[in-house]
Structures are given as structure tokens and as C-alpha cells.
Amino acid sequence: MDLSSYQIKRKKAEKGIHSYLHELVKEACDYVGEPKNFGFWLGRAKSLGIAEFKNKLDYVKQRGIKNGKYLAACTRRPV
């Protein structure tokens, strides 16, 4: 396999999405329809951790709620 065929098969990465955390947050932003609040969701995901944020996002998706306020309430850190 030469290098040129490898470059054709490789999927082009989106700009600014360079880690699994960023990919997960982009998925959450797209799901709730708030792409401009990427920083807000990134902060929530970092404070909870990747596994916990993914669990909360899966829970919200399973219930079929596409409301950003509901996801924000679910991902709120306990005081």
C-alpha cells in the first residue's frame, strides 16, 4: 500500500475536534441544538469526567429529550 492511497482512505478530521472529549462534547452540542455553547459543555464534561458525562448524555438520549436545560441539570456537579 503506497502513501497516496492511505491519504485518500483517511477520514478528514473536523477543525477543533482533536480528542475524544471534544468529540463527545460536539455530539452533545449537536444533539441539544446548541453549537455555540461548546465551551459551556466542555467545562461541564471536564468537571464531571468523560465516563460520567457520557453516561448522562446517553441517559438524556435514551429518554429522547433534546433540551439543553435538561442536560445541564443532569450534568450539574453536586455541591
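**Note on the helix packing of a predicted model**

1. Helix 2 passes helix 3 in a right-handed crossing. The two elements pack at an angle of about 125 degrees, and their axes lie 9 Å apart. That angle makes helix 2 oblique to helix 3. On the side of helix 2, the contact is made by Leu-21, His-22, Val-25, Lys-26, Cys-29 and Val-32, and on the side of helix 3 by Phe-38, Trp-41, Leu-42, Ala-45 and Lys-46. Sorted by class, the contact of helix 2 with helix 3 has 8 nonpolar, 1 polar and 2 charged residues.

2. The coordinates under review are those of a predicted model. The protein chain has 5 helices and 0 strands, and its pattern along the sequence reads α-α-α-α-α. Of its 79 residues, 27% count as buried. The accessible surface of the protein chain comes to about 6,000 Å², and carbon and sulfur atoms account for 53% of that surface.

3. How much of the contact in the chain links residues 24 or more positions apart? Among contacts with a separation of 6 or more, such pairs account for 52%. Some of the individual residues discussed below illustrate separations along the chain: Glu-34 and Asn-67 are 33 residues apart in sequence, and Ala-72 and Phe-40 are 32 residues apart.

4. Is His-22 buried or exposed? With a relative accessible area of 12%, His-22 is buried, because the cut-off for burial is under 20%. The C-alpha atoms of His-22 and Phe-38 are separated by 8.9 Å, the two residues being 16 apart along the chain.

5. Helix 2 (residues 20-32) also packs with helix 4, at an angle of about 25 degrees and with the axes 11 Å apart. The two helices are therefore roughly parallel to each other. Helix 2 passes helix 4 in a left-handed crossing. Helix 2 supplies Tyr-20, Leu-21, Leu-24, Val-25, Glu-27, Ala-28 and Tyr-31 to the contact, while helix 4 supplies Ile-50, Phe-53, Lys-54, Leu-57, Val-60 and Lys-61. These residues divide into 10 nonpolar, no polar and 3 charged.

6. Helix 3 (residues 38-48) and helix 4 (residues 50-63) pack at an angle of about 120 degrees, with a distance of 6 Å between their axes. Helix 3 is thus oblique to helix 4. The crossing of helix 3 past helix 4 is right-handed. Here Trp-41, Arg-44, Ala-45 and Leu-48 of helix 3 meet Ile-50, Glu-52 and Phe-53 of helix 4. By class, the contact of helix 3 with helix 4 has 5 nonpolar, no polar and 2 charged residues.

7. Glu-34 is located in the loop between helix 2 and helix 3. At 24% relative accessibility, Glu-34 counts as partly exposed. Apart from its neighbours within four places in sequence, Glu-34 is in contact with Cys-29, Trp-41 and Gly-68. From C-alpha to C-alpha, Glu-34 and Asn-67 are 9.4 Å apart in space.

8. What surrounds Ala-72, once its neighbours within four places in sequence are left aside? Ala-72 is in contact with Phe-40, Trp-41 and Arg-44. Ala-72 itself belongs to helix 5 (residues 68-74) and, at 11% relative accessibility, counts as buried. The C-alpha distance between Ala-72 and Phe-40 is 9.5 Å.

9. Lys-56 is found in helix 4. Its relative accessibility is 26%, so Lys-56 counts as partly exposed. Leaving aside neighbours within four places in sequence, Lys-56 is in contact with Leu-71, Cys-74 and Thr-75. Lys-56 and Cys-74 are 18 residues apart in sequence, and their C-alpha atoms are 6.6 Å apart in space.

How values were computed
Residues are numbered from 1 along each chain as its sequence is written. This is a predicted model: local features need pLDDT of at least 70, side-chain atom pairs count only at pLDDT 80 or more; totals for chains, interfaces and linings use all residues. Side-chain values use heavy atoms; hydrogens and water are left out. Helices (H or I, at least four residues) and strands (E, at least two) are DSSP runs, numbered from the N terminus. Buried means under 20% relative accessible area, exposed over 50%, partly exposed in between (1.4 Å probe, protein chains only). Contact means heavy atoms within 4.5 Å. Accessible areas come from the Shrake-Rupley method with a 1.4 Å probe; for residues, only the protein chains shown count as cover. Axes are lines fitted to C-alpha atoms, for helices over the stretch in contact, and angles run from 0 to 180 degrees between N-to-C directions. Angles under 35 degrees count as roughly parallel, over 145 as roughly antiparallel, 65 to 115 as roughly perpendicular and the rest as oblique. A crossing is left-handed if the near helix is turned anticlockwise from the far one by less than a right angle, and right-handed if clockwise. Ala, Val, Leu, Ile, Met, Phe, Trp, Tyr, Cys and Pro count as nonpolar, Asp, Glu, Lys and Arg as charged, and the others, Gly among them, as polar.
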